[in-house]
Every structure is written in C-alpha cells, then in structure tokens.
Amino acid sequence: MDASRPYTVVVRVDGTPEGYAAAEYACSLCVKLKVSYRLIFLYVVALYRRSALNLINKQTDQLNADIREDAENSMVKCKQFLSRFESLVPYEWISIKDEGNVGPIMVQFIHEGLNTRVDLVVVGRTVDTGIKKIVGGHVSDYIIANLKCPVMVVKNEYDLSDDEG
C-alpha cells in the first residue's frame, strides 16, 4: 500500500439493522488501524427504471416518489445513528441515487464515481426489496462478485433495542 494514500473503507449503510452492524464494524475497525484511513458511508437510493410506455411510467413515477421519501427519512435516521461515532472516527457521507438495483449502482459508483482506490468494502447481509428482491437477491453477493477489492459481509444485526433505553 502507498503510505501517502489513506486506507479507504467504503461502508454501505441503509437504515437496516444489518446496515447499522456494518457501520459499527467499520468504525471499530478504523479505530484499531495503525495507518491513516478514509471512512466513507455510502447510502444508495435505487429507483425503478422508466419504460417507453407512459401508462407504466405514471406508476413508476409514483413508486419512485415513495422510494425518495422513504430514503430521505431513512437517511436522517442513519445520520443520527452515525453521530455516535463522530468523536471516535472521522468519516464522510455520500448518498447516490440512480435507476436499477443497489448492487450494480454501488459497484459502478465505486469503480467510476469515487475517484480513489478502495481497499475494503463493508456491507450488511441484506436483500433488495419489492420486485427487485426477485431479480436482484442479496446485495452483498453482487458486490462480492463484481468488485476487485476485499469485501467484508457483516451477517449479524445491530440490536436496535440497545438504543431505546
């Protein structure tokens, strides 16, 4: 590794217990690193693709509006969750929105949009939702198969009941 370049960790955070567990794992890892690092939390908003049929697009537009609204609410909760780590580790927040499934959107962003070499990707074991679940499957499986860097899949869930007290 080039000593002048920080060790770059990208974490998919998504407002699920698995996503929170991935975030917690990555923060714990970065605290222990003996080298400089760059920790990036990536929130992906995956919208349905528009078609050539206007009738279907009206439905798609409504579904996408709901997805955007849910994503905004989820991002607020994610940022609230991540605030507990601010005094421990410096991090960046990046949110991206595109049509398609989460896995391909994330892989494309890491390859083309991040403009830095990624040393590790940390993800929770989650499944795309809705119709995308049928054709997409586990996001982590796609990421493992399509990234050329190490991927850590955090299978356990963050216990949200710890936050209720």
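Both faces of strand β4 are covered, with L120, V122 and G124 buried on one side and V121 and V123 buried on the other (buried means under 20% relative accessible area, exposed over 50% and partly exposed in between, with a 1.4 Å probe and protein chains only). Five of the five residues of β4 (residues 120-124) are buried, so this strand is largely enclosed by the rest of the structure. Strands (E, at least two residues) and helices (H or I, at least four) are DSSP runs numbered from the N terminus.

The model is predicted: local features need pLDDT of at least 70 and side-chain atom pairs count only at pLDDT 80 or more, while totals for chains, interfaces and linings use all residues. Residues are numbered from 1 along each chain as its sequence is written, and side-chain values use heavy atoms, leaving out hydrogens and water.

β4 runs parallel to β1, joined by three bridges; two strands pair if DSSP finds at least two bridges between them. In this pairing V11 stands opposite V122. β4 is also joined to strand β5 (residues 151-154) by four bridges, again in parallel, and G124 has V154 as its bridge partner.

Strand β1 (residues 7-12) is joined in parallel to β2 by six bridges, where V11 is partnered by F41. Between β1 and β2 the chain passes through helix α1 (residues 17-32) in a right-handed β-α-β crossover (with the strands pointing away from the viewer, the path from the first strand over the helix to the second runs clockwise).

Strand β2 (residues 37-47) has nine of its 11 residues buried. Eight bridges join β2 to the parallel strand β3 (residues 92-99), with I40 partnered by E92. Together with helix α2 (residues 54-82), β2 and β3 make a right-handed β-α-β unit.
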